[in-house]
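Welcome, and thank you for taking a look.

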Amino acid sequence: MTSAKYHPSDEVLSDFAQGKLSTGMSVALSAHIELCQGCRQRSSELESREIVSWLQADRAQPLASPDFSGMLDLITSQPQSTSETKAAPHGEEEPLVAEIHLLDHSITLPRVLAKAASRGLVWQKLAGGINQAQLQIDNETQCEFLYMTPGSQVPVHRHQGSEVTLVLDGGFEDELGHYGPSDFLVRDKRDQHQPSTEEGCLCFAVLDSPLTFTSGLARLFNPINNYRFRRATRSEERRVGKECRSRWS
């Protein structure tokens, strides 16, 4: 367990408690909560508050007679499975990717990230000492592990939407500060920055829109960034669609 300096706001924690965040954002936040005792306690308090509010609102509503005919119509209108659902044989579950191996040591992942990474990680070397492994988690966000080798930096960029970054190991800095293990950062359209690291850094990042490089030759990669974001979100949409078709066939 590590001590973080940067944490999600109460607004973000409240949205998490109400289920308003995308799955990708929820995964990043869940991982931070696992690592941060303070946010874990605060999240639990907000969830309890939401439950009390829901119960109070529910009691204030007048009781209505159940529409059994409408319920029956809804049930019979659903597609029916033509094959019997069987549990996966014991021992055939996908093993969790509990660790990520870096140059000279290994990092134990929070449980939620270990589960997400169990679909498989394919690392790609990008320019400037940046390594990336994308995860397909939902069809709204681009989720990825980023490893910045010691002495590397990301070109200056801004965000078209929001980016959440969870530091898992090492640290990096930008114009606004230095960030270490368990820190949870949110960047949005107002921010332009250039992350860099002297010691090396492993992060988990979630973007709801492509980033835009703003200087130098890196600007040539902006069309590629837009394409990669669309491909990441559409790939998950196709995967979910395939699973649904398989389930009901």
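Three strands make up an open sheet in the order S11-S6-S13, with antiparallel pairing; strands are DSSP E runs of at least two residues and helices H or I runs of at least four, numbered from the N terminus, and two strands pair if DSSP finds at least two bridges between them. Strand S11 (192–193) and strand S13 (211–213) stand at the edges with a single partner strand each, so one side of each has no neighbour in the sheet. S6 (residues 157–159) is joined to S11 by two bridges, and Arg158 stands opposite Gln192 in S11.

This is a predicted model, in which local features need pLDDT of at least 70 and side-chain atom pairs pLDDT 80 or more, while totals for chains, interfaces and linings use all residues. Residues are numbered from 1 along each chain as its sequence is written, and side-chain values use heavy atoms, without hydrogens and water.

Now for the pockets. On a 1 Å grid over the protein atoms alone, a pocket is an open set of points with protein on both sides within 12 Å along at least five of seven lines, a cavity is a set where a 1.4 Å probe fits but cannot get out, and lining residues have an atom within 4 Å of a point. Points are joined across faces, edges and corners, and a volume is the space filled by probe spheres set on them.

| Space | Volume |
|---|---|
| Largest pocket | about 700 Å³ |
| Second largest pocket | about 340 Å³ |
| Largest cavity | about 40 Å³ |

Of the 33 residues lining the largest pocket, Leu126, Ile130, Val154, Leu211 and Phe213 are the closest to its centre. H1 gives the most to the lining of the second largest pocket, with three residues.
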